[in-house]
Amino acid sequence: MDMTSKLTAAAERLFDRHGYMATGMDRLTEAAGMSSRTLYKHAGNKAQLMARVLTERDRRFMARLEVQSVDALFAALEDWVRVEGTRGCLFLRSRAETGGDTPEIAEAVAAHKAAFHKRIEEVVAVNLGREDPVLSEQVLVLLEGATHAAVYRGAGAVSAARAAAAILLERARA
């Protein structure tokens with residue numbers, strides 16, 4: 001693993017567990033096992049590092065969503081929370097912590113959420129055989145809500161959202 005990848009992985013663990021604001025550069029250098037000079041050389045500033053973390057997380061998360069059904073979207077989210085944990089959406093948490101005022105982070109979040117929405121629209125269209133913007137929005141809200149409800153309700157929140165989505169999908173087919 002190269003230095004940048006090692007740093008990105010260490011930073012993701014810390015940002016995910018402690019948040020963006022509470023994670024200082026000293027903690028990052030210690031976790032990555034490198035000097036602050038090396039960290040800045042490979043990461044730039046903290047906001048640039050967070051944007052890199054979000055970009056990498058987006059790549060991993062979106063790869064799991066290469067599915068053909070709404071049910072499979074929820075199965076992918078169930079798997080994600082089982083592997084990654086139930087701490088909520090790192091994209092929305094980082095945006096909330098920075099108030100949307102840190103351009104590098106705001107842009108990474110906006111790009112991810114736009115791609116996520118587009119992917120849901122594509123899956124709904126494949127599943128129904130037609131576009132359905134209302135159902136797509138409902139599925140989006142169920143996925144996002146389940147991600148955050150899992151923080152305090154556990155992974156079962158995703159299963160509950162999955163069942164609700166199945167009902168909505170059946171109604172849309174009728």
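How many aromatic pairs does the structure hold?

Analyst: Happy to. This is a predicted model, in which local features need pLDDT of at least 70 and side-chain atom pairs count only at pLDDT 80 or more, while totals for chains, interfaces and linings use all residues. Residues are numbered from 1 along each chain as its sequence is written, and side-chain values use heavy atoms, leaving out hydrogens and water.

The structure holds 3 aromatic pairs. One of them joins Phe 15 and Tyr 20, with 5.6 Å centre to centre and 40° between the planes, a tilted arrangement. Rings of Phe, Tyr and Trp (its six-membered ring) pair if their centres lie within 6.5 Å, and planes under 30 degrees apart count as stacked, over 60 as edge-to-face and the rest as tilted. Elsewhere, Phe 61, Trp 80 and Phe 116 make up one aromatic cluster.

Now to Lys 46, which sits in helix H4, residues 46-64; helices are DSSP runs (H or I) of at least four residues, numbered from the N terminus. A polar atom of the Lys 46 side chain lies 2.8 Å from the backbone oxygen of Tyr 20.

Lys 46 is buried yet has no salt bridge, and the nearest side chain of opposite charge, Glu 97, is 7.1 Å away. A salt bridge needs a side-chain nitrogen of Lys or Arg within 4 Å of a carboxyl oxygen of Asp or Glu; Lys and Arg count as positive, Asp and Glu as negative, and His and the chain ends are left out.

Helix H6 (residues 90-98) is worth a glance too: its buried residues are Leu 90, Phe 91, Arg 93, Ser 94 and Thr 98. Seen down the axis of H6, they fall within an arc of 170°, so they line one face of the helix; the arc is taken from the directions from the helix axis to the C-beta atoms. These buried residues pack against H4, along with helix H1 (3-18) and helix H7 (103-128). After H6 comes Gly 99, with a positive phi near 65°.

Key
Helix = DSSP H or I, 4+ residues; strand = E, 2+ residues; numbered from the N terminus. Buried < 20%, exposed > 50% of the residue type's maximum accessible area, 1.4 Å probe, protein only. Polar contact = N/O pair within 3.5 Å; in protein donor to acceptor, adjacent residues only side chain to side chain. Contact = heavy atoms within 4.5 Å.
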